[in-house]
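Biologist: Hi! Could you walk me through this one, starting with how you count things?

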2 protein chains.
Amino acid sequence: MHPNLLLTKKTVEIIRQEKDKYPLFHNTYQKIKNYIDSVIAEPMDVPVPKDAGGGYTHEKHKQNYNEMYYAGILYQITQDEKYAVFIRDMLNKYAELYPKIGQHPQSKIETPGRLFWQTLNENVWLVHTIQAYDCIYDWLSPQDREKYENNIFNPMCEYFMEHEEEFNRIHNHGTWMVTAVGMTGLVTQNDKYVQYSLYGTHLDGKGGFIKQLDLLFSPDGYYTEGPYYARYALWPFFIYAEALENNKPELKIYQYRDSILKKTLNALLQQTNTNGAFFPINDALKEKTWQSEELVIASNLIYYRYDKDDNLLSLVNEHGRVILSYAGLVVAKAIAKRESLPEFKWKSIKFSDGADGKQGGLAILRWGNNKEELSTLVFKYASHGLSHGHYDRLHFLYYDKGSEIIQDYGAARFLNIDQKFGGRYLPENKSYAMQTIAHNTIVADEKSHFDGKRSRAEKFHPEEYLFDISDANFQYVSAKEKNAYKGIELHRTLALVKSHQHDYPIIVDVFRVNSDTEHQYDLPYYFMGHIIDINFDYEAYDNQRVPLGKSNGYEHLWVTAKGKGNGVSSLTFLSDNNRFYTLLTTCDNSTDIYLTQIGANDKNYNLRNEQGIMFRKKAKNHLIVSVIEPHGEFNPTLEYTKNSYATISDIKVLYNDGNYTVIEIINEDKSGINLFIANNDPSKNKVHNINTGNAQYSWKGPIHLKYIN
Amino acid sequence: MHPNLLLTKKTVEIIRQEKDKYPLFHNTYQKIKNYIDSVIAEPMDVPVPKDAGGGYTHEKHKQNYNEMYYAGILYQITQDEKYAVFIRDMLNKYAELYPKIGQHPQSKIETPGRLFWQTLNENVWLVHTIQAYDCIYDWLSPQDREKYENNIFNPMCEYFMEHEEEFNRIHNHGTWMVTAVGMTGLVTQNDKYVQYSLYGTHLDGKGGFIKQLDLLFSPDGYYTEGPYYARYALWPFFIYAEALENNKPELKIYQYRDSILKKTLNALLQQTNTNGAFFPINDALKEKTWQSEELVIASNLIYYRYDKDDNLLSLVNEHGRVILSYAGLVVAKAIAKRESLPEFKWKSIKFSDGADGKQGGLAILRWGNNKEELSTLVFKYASHGLSHGHYDRLHFLYYDKGSEIIQDYGAARFLNIDQKFGGRYLPENKSYAMQTIAHNTIVADEKSHFDGKRSRAEKFHPEEYLFDISDANFQYVSAKEKNAYKGIELHRTLALVKSHQHDYPIIVDVFRVNSDTEHQYDLPYYFMGHIIDINFDYEAYDNQRVPLGKSNGYEHLWVTAKGKGNGVSSLTFLSDNNRFYTLLTTCDNSTDIYLTQIGANDKNYNLRNEQGIMFRKKAKNHLIVSVIEPHGEFNPTLEYTKNSYATISDIKVLYNDGNYTVIEIINEDKSGINLFIANNDPSKNKVHNINTGNAQYSWKGPIHLKYIN
């Protein structure tokens with residue numbers, strides 16, 4: 001019985017009756033109908049594959065599958081034959097073209113496609129096209145069906161399955177591939193394909209969709225490649241899950257692994273800034289937000305298949321469009337009934353990484369009750385993240401008042417722009433964006449973590465030491481990394497503190513490094529904003545400029561100035577959100593401070609020219625403490641400026657050894673806070689006592705905050 | 001009878017009755033009432049003046065006058081004495097402070113203030129405070145009135161008038177000063193003050209408000225300092241005009257000079273990008289938009305006092321607030337009655353400069369029917385623009401799809417940010433932002449126009465040669481500058497061409513330079529976007545960087561690459577509006593091409609690090625033709641890219657001499673356009689004939705466009 005993937009005979013009938021009742025569904029439907037009607041009026045083109053991403057033939061084949069996909073849905077809803085004719089005509093062209101072409105001329109990888117330079121795009125082509133085929137299956141003649149299956153669908157599936165390693169790979173490329181083959185099996189009643197898709201080409205369950213559900217997400221729903229790829233990976237997961245639910249309800253795929261699909265969507269939605277942009281950890285483009293098509297599909301299906309979570313409705317409403325299936329009708333109806341929708345709720349949360357949930361994680365500390373005032377601190381102590389992973393152990397990001405304040409560079413790539421290396425990852429992605437120095441974490445001896453070797457990086461992960469969000473005004477997370485460098489232990493503790501002393505939450509960053517031998521430790525912060533004030537002496541390299549180093553990403557950083565530590569350095573910058581931020585950092589006079597600009601050794605202008613500050617110190621053991629204080633306001637419209645100076649004036653390390661670290665953060669008016677940290681004992685009730693000679697300290701638990709008034 | 005400035009006894013009564021009837025007025029009123037109620041609950045501070053702009057005492061005195069101003073209005077509307085008490089208490093503190101203080105300690109200029117570092121802020125203080133005083137005049141005891149007038153208002157006015165030169169100056173500072181004194185005169189029934197304010201300290205009409213109305217605006221309403229300062233200058237013009245209209249209707253101030261006040265507001269509103277940001281010509285901060293308070297006041301008063309122009313209502317609605325006077329009530333009522341408002345209408349328009357309208361001008365060529373598709377080309381051939389003028393003759397700016405594409409740097413200043421030179425203009429404003437090389441126009445021999453001397457620059461202005469916007473799809477403007485360099489004539493023609501050959505309008509830039517002697521001509525374009533592709537060979541200065549030059553702004557530009565002309569250079573960049581732009585420029589192999597980044601010799605990080613491309617050629621006569629083609633789309637949400645390559649592939653100069661220039665712009669598919677320009681004959685009907693030997697051309701009028709299909 002067709003259709004039998006996302007649309008079914010039964011749900012299509014309901015859609016036909018109710019499609020105009022709910023504005024979101026009606027508008028989406030009308031928009032797509034108008035679009036496809038205009039497409040049908042134009043000449044069709046199924047070009048011989050030639051171009052890489054962004055080029056004409058690449059984009060045209062993408063356009064074609066999208067148009068067939070929508071035309072299929074329209075045929076089912078309207079029962080107007082012109083849509084079926086459109087798909088048939090196009091399939092005829094593909095049935096002629098596909099058998100004739102070999103490997104794509106632009107393929108430079110191990111998994112070359114035929115219509116596209118990589119099989120990945122071809123998988124996506126099939127996922128869409130098979131849905132269109134499903135929609136007109138009953139309308140087609142048996143001869144046509146045979147032609148398409150023999151000339152396109154079956155050979156394409158066989159071609160995919162010949163790439164056995166890719167097919168059985170536990171990776172988003174694998175998910176797309178098994179989804180394409182599995183959905184083809186469901187439509188063509190080829191259960192072998194379905195079984196391969198579920199359990200791998202050897203049917204041993206070591207590859208395939210089920211194993212991917214087992215291994216690609218942590219028990220919390222965290223996707224190891226990070227949110228940018230989670231977004232992309234979600235697409236086939238949800239589409240195929242829905243197709244399986246409609247055909248093999250006995251699999252209970254939505255309930256599988258304690259409802260992992262629901263968890264992973266929720267995890268993904270939490271990994272966003274208030275504009276919906278995904279945290280750009282690992283390879284990620286910053287332009288991507290939850291406005292992506294994948295999120296439309298996922299949010300609609302999850303709302304429909306699970307417990308009608310209100311938190312999803314504001315997102316659906318922001319999308320302004322729905323999936324043209326029964327799930328889309330359900331969300332459109334839910335929204336039509338509401339007078340108002342609650343704002344999406346971002347919260348403090350932690351995600352474990354690894355299939356077993358024991359390979360580090362990602363912590364998000366948040367403060368604020370609404371979008372406008374939300375502060376977000378993201379601490380990454382997850383595992384490497386497969387081929388898109390960066391060497392960024394114990395790295396953090398910070399957002400405030402809607403803006404990136406301490407950034408992750410993301411990936412060096414111009415997606416689909418042909419002139420930029422065919423739209424693929426640029427060489428600078430590896431030479432800069434992946435390297436440790438591109439991240440807000442410590443680099444030892446100018447070498448990236450694990451010496452920039454993925455094989456080593458994938459063997460290890462940091463260990464969570466502490467995580468506590470029970471007090472909204474004092475949240476903290478701490479983790480240790482013992483393998484990034486041989487013989488060096490990294491231990492970072494980050495806290496978000498909202499005290500009565502400051503208007504906004506401050507960030508406290510306590511980074512400890514221990515080693516038996518001397519190393520050079522570099523800690524950069526990539527701050528976003530215009531430099532307003534610097535309190536340390538520096539030599540400006542403003543008449544001649546040279547790169548910071550020769551390799552491991554250092555060659556891509558210009559030194560714009562070099563200064564000397566003076567106890568506590570202070571750098572104030574103005575964000576595009578019109579708030580000031582002051583970064584204060586402990587630095588003795590043997591610390592060198594560098595101001596940098598990204599973009600050296602970049603003859604093709606592939607990098608963004610953003611800036612950083614870096615603290616360099618040679619030592620065995622090292623402690624560097626930073627505080628970021630947001631303050632004041634620059635108001636160009638009403639022409640006033642408030643509190644352009646920070647209130648925090650000093651940071652003192654009162655005590656520091658392997659076991660304990662005691663910090664004092666002091667304001668101009670002498671008030672402040674003490675932070676007592678036990679470095680090796682996470683127990684909540686243990687009482688710690690230390691005697692510095694000058695003073696005695698006593699506190700309970702691994703971290704204690706004390707106000708000095 | 002009080003109040004008698006913007007509020008009058010009669011209008012206040014209407015406001016009392018109708019204040020809650022119209023949402024915009026009601027909301028503004030409530031917001032201000034809530035604000036002032038919270039202010040009254042806090043301790044009052046009238047500090048001894050100490051800080052420069054952005055510092056505490058500076059900002060506090062600004063806050064104080066604003067609070068008194070609003071409290072006065074609230075007293076009149078609510079008749080609640082607490083507001084009057086608040087003003088009286090604060091005036092008591094000022095009456096004590098003011099007689100004791102001398103010149104402000106931070107004053108480094110010829111017109112030092114006492115409460116503030118410059119008299120300008122003090123004028124603004126008085127303009128606000130005298131309105132508050134007016135509102136509680138009747139409530140105050142005669143003794144208090146005497147105290148305030150003797151201790152504050154009169155000495156302050158006398159102090160201003162002692163700065164006779166400033167008071168009589170035809171300049172926005174002068175306008176603020178005469179307004180402060182004039183309004184004080186109206187409130188204190190001191191007609192002498194009013195007469196001085198209107199006709200200058202010698203009552204000869206050579207200075208004062210009336211002369212300012214005569215001289216500061218061109219007959220079209222263009223304000224010679226440009227829109228950023230027009231915005232600021234408008235404030236006292238409108239406030240004082242309204243106060244005069246209420247007190248001296250016989251002056252017919254709103255009708256004065258063919259309703260110049262209405263014209264100047266309309267001119268100002270047209271000098272904006274679609275986000276309401278004023279064109280940043282001359283000294284200007286880019287953050288300033290028509291959301292400024294001055295525009296709230298001006299738009300409300302103009303709507304009320306003139307012909308209820310619909311075009312103002314969408315702006316008022318966008319403001320979301322109104323002036324709390326009868327004009328505000330009128331606009332709020334007009335909007336409350338509307339179901340929908342028309343979008344603000346930007347149009348192609350030209351403004352003459354100079355009081356006589358004969359000192360060059362500013363041309364704005366626009367294409368597109370709505371905000372989203374609007375293309376805006378701004379050509380500046382105005383006079384110098386007083387002390388805030390830049391050396392930017394024949395400079396242009398280009399906006400498209402909401403974004404700056406070819407920018408003017410604006411001013412180097414962080415307004416009100418104490419750490420940045422006390423919030424004043426930074427040294428880099430003079431050393432870079434004002435210099436010719438900071439603008440998109442030709443620099444000869446690395447020297448700014450008029451050798452960067454204002455006294456010389458103010459003597460001359462460019463001359464308009466052509467301006468025609470009658471055909472929306474082919475608009476052009478042309479002007480000549482003969483005095484910027486001795487012995488060099490600059491002649492630039494700019495056209496906005498929307499042809500069937502391109503999706504969006506293209507910009508054509510024909511820049512001719514004539515001289516009897518050889519010079520080095522530099523033409524920079526400051527493009528906004530990420531470089532996507534460059535078609536000429538260049539040496540990247542990406543491992544070591546040095547400044548472009550040593551003076552006149554050149555010292556602030558890093559050379560990031562240097563290339564050689566190859567016939568027609570092409571540079572493609574991607575704007576933040578996700579559209580591609582390709583700049584094609586004629587350049588023979590004796591042309592050097594520089595890619596630059598702003599920010600060399602900027603040890604205090606005062607400049608923005610934006611980029612440019614510059615064409616350098618040594619010649620006597622020179623012709624440089626550029627075309628900017630907007631094309632395609634980068635869509636990161638839907639993951640597609642369209643037309644990342646330009647369709648224009650070549651520019652040919654078919655003919656060029658002192659009399660005629662013939663250009664051919666050719667597309668990939670061999671279609672294109674010819675542009676025939678007569679360089680010295682603006683007559684519309686003249687038929688021109690030239691014979692190149694190879695070809696004969698004949699056309700009518702100064703410019704003719706011909707399509708090649």
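Modeller: Happy to. A salt bridge here is a side-chain nitrogen of Lys or Arg within 4 Å of a carboxyl oxygen of Asp or Glu. With that rule, the interface of domain 1 of chain A and domain 3 of chain A has zero salt bridges.

Biologist: Thanks! And what ground rules apply to the model?

Modeller: This is a predicted model, where local features need pLDDT of at least 70, side-chain atom pairs count only at pLDDT 80 or more, and totals for chains, interfaces and linings use all residues. Residues are numbered from 1 along each chain as its sequence is written, chains are lettered from A and ligands numbered from 1 in the order in which they are written, and side-chain values use heavy atoms, with hydrogens and water left out.

Biologist: What is the mean pLDDT of chain A?

Modeller: The mean for chain A is 96, and 100% of its residues reach 70 or more; pLDDT is the predictor's confidence in each residue, from 0 to 100. The scores for the model are ipTM 0.92 and pTM 0.94.

Biologist: Nice. Which domains does the assignment give for chain A?

Modeller: Domain 1 (43-215), domain 2 (220-345) and domain 3 (349-708). Those bounds come from an automatic or database domain assignment. The centres of domain 1 of chain A and domain 3 of chain A, taken over C-alpha atoms, are 45 Å apart.

Biologist: How many residues of those two domains are in contact?

Modeller: 15 residues of domain 1 of chain A contact nine residues of domain 3 of chain A, where contact means heavy atoms within 4.5 Å. They bury about 810 Å², with carbon and sulfur atoms giving 46%. Buried area is the accessible area (1.4 Å probe) that two parts lose on being put together, summed over both. On the domain 1 side of chain A, Gly53(A), Trp117(A) and His171(A) lose the most area to domain 3 of chain A, together 36% of what that side buries.

Biologist: How many polar contacts are there across that domain interface?

Modeller: The rule finds two residue pairs in polar contact there, both residues at pLDDT 80 or more. A polar contact is a pair of N or O atoms within 3.5 Å; within protein, one must be able to donate a hydrogen and the other to accept it, and residues adjacent in sequence count only if both atoms are side-chain atoms. On the side of domain 1 of chain A that touches domain 3 of chain A, α3 (56-78) and α10 (209-215) of chain A each supply at least two residues. α3(A) gives the most to that side, with three residues. Helices (H or I, at least four residues) and strands (E, at least two) are DSSP runs, numbered from the N terminus.

Biologist: Switching topic: how much area do chain B and chain A bury between them?

Modeller: About 4800 Å², 50% of it on carbon and sulfur atoms. Gln419(B), Tyr605(B) and Glu639(B) supply 16% of the area that chain B buries against chain A, more than any other three residues. The contact takes 59 residues from chain B and 60 residues from chain A.

Biologist: And how many salt bridges cross that chain interface?

Modeller: The rule finds four. In a salt bridge between side chains, Arg231(B) meets Glu639(A) at 3.5 Å, N to O. There are also 38 residue pairs in polar contact across the interface of chain B and chain A, both residues at pLDDT 80 or more.

Biologist: Which element of chain B gives the most to the side that touches chain A?

Modeller: That is β12(B), with five residues.

Biologist: How many salt bridges are there over all chains?

Modeller: The search of the whole structure finds 66. Among them, Glu464(A) pairs with Lys350(A), the closest N and O atoms being 3.0 Å apart. This pair links distant parts of the chain, 114 residues apart: Glu464(A) is in strand β7 (residues 463-468) of chain A and Lys350(A) in strand β1 (residues 349-352) of chain A.

Biologist: Where is the peptide bond that is cis in chain A?

Modeller: From His2(A) to Pro3(A), with omega near -5°. Pro3(A) is in the segment before α1 (9-18) of chain A. In chain B, His2(B) and Pro3(B) are joined by a cis peptide bond with omega about -5°.

Biologist: One last thing: what is the phi of Asn578(A)?

Modeller: Positive, about 65°, although Asn578(A) is not a glycine. Asn578(A) lies in the loop between β15 (567-574) and β16 (580-587) of chain A.
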